[in-house]
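This note is intended for a colleague who is meeting the structure for the first time. Please read the numbered points with the sequence and the model at hand.

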Amino acid sequence: MTGRRAARVAALLALALLPLTAAAGDRLVVTWHPARPRIGDVAWLHLRGASETAVVEGSVGHRPLAFFPYAGGYAALVGLDIDVKPGVQPWRLAVLEPGLDPRPLTGKVTVVPRQFPVQRLTVPPGMADPDPETERRAVAEGQHLQMLYRTVSPERLWRGPFTRPVAGTEPPSGFGARRIINGKPRAAHSGADYSAPRGTPVVAANAGRVALVGDYFFPGRLVALDHGLGLYTLYFHLDSVAVAEGDRVDRGQTLGTVGATGRATGPHLHFGAQLGGARIDPAALLALRLAD
Ligand SMILES: [Zn+2]
């Protein structure tokens with residue numbers, strides 16, 4: 001046995017002898033992944049040193065975090081909204097353990113700026129500036145979606161990597177684009193667009209529950225999946241829908257087909273992601289790597 005191999009075996013043996021869970025009083029360690037997230041990223045925090053019975057709460061800026069047990073410690077996803085200011089953001093968390101004083105922990109994370117393209121689009125006038133009644137409908141639908149995104153279900157339903165919602169390898173486009181529609185500046189585009197022929201299957205990016213099936217003015221036929229702990233993925237402009245509200249779905253399960261319903265210039269899937277009310281880049285969600 002080489003010296004290095006012997007050392008590794010000794011280390012493994014030592015590990016095997018350690019209790020599996022951290023004990024109260026262990027030093028708390030927080031790691032950010034990535035260490036310097038960008039605007040629109042979904043980052044995650046890994047907390048080690050808290051016991052199995054701990055309750056962990058925290059926030060980044062003003063956004064609360066939802067922790068879940070992970071790899072002998074705890075983890076929480078952090079959504080950095082499309083319009084978040086780059087620069088230093090304070091974070092704080094508190095570890096509450098039975099019979100012990102709360103253990104607070106604070107720090108700062110630097111959010112890296114990102115340039116977004118400007119996109120000029122022309123749509124039929126009624127789609128850019130709807131009549132007052134349609135406008136009221138669109139506003140109510142938007143408010144309904146906002147309320148949904150702020151509903152935090154307590155159970156984490158997703159596991160492992162997130163998958164592309166349409167087959168293929170072509171990267172999506174348009175996240176964060178500052179849109180000028182019929183010559184007027186509009187809100188930033190908060191999803192990723194996959195161009196695909198009408199009828200192409202659209203699949204669930206990860207396991208979750210169908211929180212909403214609707215036919216809305218701008219998004220068209222839509223499905224919203226709740227993955228738990230404040231994470232939602234959104235599938236807009238569908239031609240057909242194959243699931244119903246309340247259904248539990250697995251990663252890769254067909255939700256419907258690509259279409260051009262709502263405000264769409266042609267058949268494509270608008271794929272969006274929301275975390276704790278932050279509009280995040282779906283590409284960042286697809287790149288997320290947690291061990292389970
Ligand atoms: Zn879109």
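**Notes on the predicted model**

1. Strands here are DSSP runs of E with at least two residues, helices are runs of H or I with at least four residues, and both are numbered from the N terminus. Two strands pair if DSSP finds at least two bridges between them.

2. Gln 119 has Arg 179 in β9 as its bridge partner.

3. The model is predicted: local features need pLDDT of at least 70, side-chain atom pairs count only at pLDDT 80 or more, and totals for chains, interfaces and linings use all residues. Residue numbers start from 1 along each chain as its sequence is written. The average pLDDT of the protein is 90, and 91% of the residues score at least 70; pLDDT is the predictor's confidence in each residue, from 0 to 100. Over residues 14-21 pLDDT stays under 50, and the model has four contacts beyond four places in sequence for this stretch. Two residues are in contact if their C-beta atoms, placed from the backbone, lie within 7 Å.

4. The protein contains four helices and 19 strands. Its C-alpha trace spans about 70 × 40 × 35 Å along the principal axes.

5. A second open sheet has seven strands in the order β1-β2-β5-β4-β3-β6-β7, with antiparallel pairing. Its edge strands are β1 (29-33) and β7 (103-111), each with a single partner strand, so one side of each is left without a neighbour in the sheet. Neighbouring strands are turned by 25° against each other on average, direction ignored. Strand β3 (residues 55-60) and strand β4 (residues 63-70) pair in the antiparallel sense over four bridges, and Ser 59 stands opposite Pro 64 in β4.

6. Which residues of the largest nonpolar core touch the most other members? Among its 63 residues, these are Val 78 and Tyr 235. Strand β15 (residues 231-241) supplies the largest share of this core, seven residues. At least three residues come from each of domain 1 (3-111) and domain 2 (118-286), with bounds from an automatic or database domain assignment. Such a core is a set of buried Ala, Val, Leu, Ile, Met, Phe, Trp, Tyr and Cys residues joined through C-beta atoms within 7 Å. Beyond four places in sequence, the contacts of Tyr 235 include Pro 165, Val 202, Leu 255 and Phe 271.

7. Ala 71 lies in the loop between β4 and β5 (73-79), Leu 229 in the loop between β14 (220-228) and β15. A residue is buried if 20 or more other C-beta atoms, placed from the backbone, lie within 10 Å of its own, exposed if 12 or fewer, and partly exposed in between. Ala 71 counts as exposed because it has 11 C-beta neighbours inside 10 Å, whereas Leu 229 is buried, with 20 other C-beta atoms within 10 Å.

Terms used:
Axes fitted to C-alpha atoms, helices over the stretch in contact; angles between N-to-C directions.
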